[in-house]
Amino acid sequence: MEIWINPACSKCRSALHILDEEGAQYTVRRYLEEPPTAAEIRAVLERLGLEPWDITRTQEAEVKDLGIASWERTDAERGRWIDALAAHPRLIQRPIITAEDGSALVGRSEEAVRDALKRTGDGRTA
C-alpha cells in the first residue's frame, strides 16, 4: 500500500495515524517533494475510477492563476487537467491511498482509510 501525503495536511496525518494504529505496512510518498508524473496520475485515476477534475483541489490559488475553473470537464480536456496536476501537485486531493488489490481511494475520512485496509487484506505487519 502506498499513501500520497502532504505532511502539513491534517487529513493526511489522521490517515497515517489510523494506518499506524492498525499496524499496516505502507509506503509514504510526499507528493509535493516527489511529484507524480502525468503517467502516474493517469494510472491512479484509473485505479480510483475518477477523472482528474474529481481529484483537483479547487480552492488552491493555482486554480485561479491557471484559470482551471473555466476548463471543460471533457475527454478532450482530460490531458490538460492531468498535465496541470503533474505540474502543480498541490492541486491533487489528498491523501490518496493505493491498495494492494489494485484499487485506490481518497482517504479523507476514517471510513475511507479503513476501507483501504480491508482492500489490502488485514493490513497488519507480520
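With a relative accessibility of 1%, L85 counts as buried, where buried means under 20% relative accessible area, exposed over 50% and partly exposed in between, using a 1.4 Å probe and protein chains only. This is a predicted model, in which local features need pLDDT of at least 70 and side-chain atom pairs count only at pLDDT 80 or more, while totals for chains, interfaces and linings use all residues. Residues are numbered from 1 along each chain as its sequence is written, and side-chain values use heavy atoms, leaving out hydrogens and water.

**Around L85**

Let's stay with L85, which sits in helix α4. Setting aside neighbours within four places in sequence, L85 is in contact with I41, P52, I55, T56, L91 and I92; contact means heavy atoms within 4.5 Å. The C-alpha atoms of L85 and A104 are 17 Å apart, and 19 residues separate the two along the chain.

**The whole chain**

How many helices and strands does the protein chain have? There are five helices and four strands. Helices are DSSP runs of H or I with at least four residues, strands are runs of E with at least two, and both are numbered from the N terminus. Starting at the N terminus, the order is β-α-β-α-α-α-β-β-α. The radius of gyration is 15 Å, close to the 14 Å that the globule rule gives for 126 residues, so the chain is as compact as a globular protein of that length. This radius is taken over C-alpha atoms, and the rule is 2.2 Å times the number of residues to the power 0.38.

The C-alpha trace spans about 45 × 25 × 25 Å along its principal axes. Buried residues account for 44% of the 126 residues. Of the contacts between residues at least 6 apart in sequence, 65% join residues at least 24 apart.

**Two helix pairs**

Two packed helices are described by the angle between their axes and the distance between the axes. Here the axes are lines fitted to C-alpha atoms over the stretch in contact, and angles run from 0 to 180 degrees between N-to-C directions.

| Helix pair | Angle | Axis distance |
|---|---|---|
| α2 (residues 38-48) and α4 (residues 78-87) | about 115 degrees | 9 Å |
| α1 (residues 10-21) and α5 (residues 110-119) | about 40 degrees | 10 Å |

Which residues of α2 and α4 meet? A38, I41, R42 and L45 in α2 meet R78, I82, D83, L85 and A86 in α4. This contact has six nonpolar, no polar and three charged residues. Ala, Val, Leu, Ile, Met, Phe, Trp, Tyr, Cys and Pro count as nonpolar, Asp, Glu, Lys and Arg as charged, and the others, Gly among them, as polar.

In the other pair, A15, I18, L19 and E21 of α1 meet E110, V113, R114 and L117 of α5. Five of these residues are nonpolar, none polar and three charged.

**A cis bond at P95**

Most peptide bonds are trans. The bond from R94 to P95 is cis, with omega near -10 degrees. P95 lies in the loop between α4 and β3 (96-98). Is P95 buried or exposed? At 0% relative accessibility, P95 counts as buried. Beyond neighbours within four places in sequence, P95 is in contact with residues including I3, W4, A15 and V106.
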